[in-house]
Amino acid sequence: MQPDVSASHIPHIQQALQFAIEQQQINLVYQGQNAFPSQKLVGFEALCRITAGPWGEISPEQFIPVAEQTGLIAPLERLVFSQLARDLPLLIGRYPSIRVGVNLSIRHMAEPDFLSFIDRWLKELPKPLIEHLDFEITETYFQRISQTVIDGLHALRARGIRIVMDDFGSGQSSLARLHKLPFDVLKLDRQFIQQIDHPMVYAIVKAVVALTREFGIELIAEGVETAEQCKALEALNCQFVQGFFFSRPQALTHWLSLQNVPTL
Ligand code: C2E
Ligand code: MG
Ligand code: MG
């Protein structure tokens, strides 16, 4: 991810991250993913927040790139995984058919003990929960992925975890390599949805829908904010959506307290 911060802010963000990690003060919020056009809930994406300290509110677009640059991403994501392990039984207990996605940084995945960490983490989860997991990896990272990580992803898929290529179309997407990469779901970057009223962008989204259908890959359109964008996606037969139009990222307690949410 490209830093959304000026260089002078990096030391503050690093301090805030160090504080959050030491105090184990991270939160997870969950944003719904919906089938389309039924709008039935099919999944959640877990998104990390750090508690606002003396430095004020810091968004993931600011702290994730700094965590990646400073080597703090592994301890941060390990806290994310600990929290997720506590939340998963509650979420799946409440919504038994849904999937839950978590973002993974390649900087963390490239650490020598990453696969053994994930293996230990999975061993501690009740087995039926494993098949509800989606691991989201940004498209740009796939371009730099090593063979060891590719082998690791195949092993995770064999255990029932889906690999999601996040922010598809935003990086240096190499279409020529797409068929060689191990993934099950494409998440179309929100820039496409936000410019879908442009005929050329509409044509690109149409082509991506056709590509994923042809190959039996699931497609999630990200960043859906308006009824007009919904209409365009419906006309294109897009199957899954995520965005503020349907739900904002919310605390676990919010999702657990909702009544009568239709699920697929
Ligand atoms: P992402 O994985 O692409 O997550 C989706 C981001 O889009 C979230 O931002 C979400 O709040 C935002 N979003 C969802 N719907 C809409 C919409 O309709 N309009 C707009 N404008 N935005 C929408 P958030 O939570 O700020 O996270 C930003 C990025 O930070 C994430 O992008 C992900 O790359 C990264 N991130 C967040 N949590 C983690 C984590 O635990 N680990 C790692 N490695 N990265 C994380
Ligand atoms: Mg994501
Ligand atoms: Mg994304």
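Residues are numbered from 1 along each chain as its sequence is written, while chains are lettered from A and ligands numbered from 1 in the order in which they are written. In this predicted model, local features need pLDDT of at least 70 and side-chain atom pairs count only at pLDDT 80 or more, whereas totals for chains, interfaces and linings use all residues; side-chain values use heavy atoms, with hydrogens and water left out.

Glu-136 belongs to strand 4 (residues 133–138) and Asp-166 to strand 5 (residues 162–168), a pair 30 residues apart that links distant parts of the chain. Helices (H or I, at least four residues) and strands (E, at least two) are DSSP runs, numbered from the N terminus. Both Glu-136 and Asp-166 are buried, that is, under 20% relative accessible area, with exposed meaning over 50% and partly exposed in between (1.4 Å probe, protein chains only).

**Salt bridges**

The whole structure holds eleven salt bridges, each a side-chain nitrogen of Lys or Arg within 4 Å of a carboxyl oxygen of Asp or Glu.

Return to Glu-45 and select Lys-187: their side chains form a salt bridge at 2.8 Å, N to O. Lys-187 is in strand 6 (residues 185–188) and Glu-45 in strand 2 (residues 41–50), 142 residues apart. Both residues of this pair are buried.

Now select Arg-190 and Glu-61, whose side chains meet in a salt bridge of 3.3 Å, N to O. Because Arg-190 lies in helix 9 (residues 190–194) and Glu-61 in helix 2 (residues 60–70), the pair ties together parts 129 residues apart in sequence. Arg-190 is partly exposed, at 40% relative accessible area, and Glu-61 is partly exposed at 37%.

Finally, select Arg-78 and Asp-113, a salt bridge whose closest N and O atoms are 3.2 Å apart. Arg-78 sits in helix 3 (residues 73–94), and Asp-113 in the loop between helix 4 (106–109) and helix 5 (114–124).
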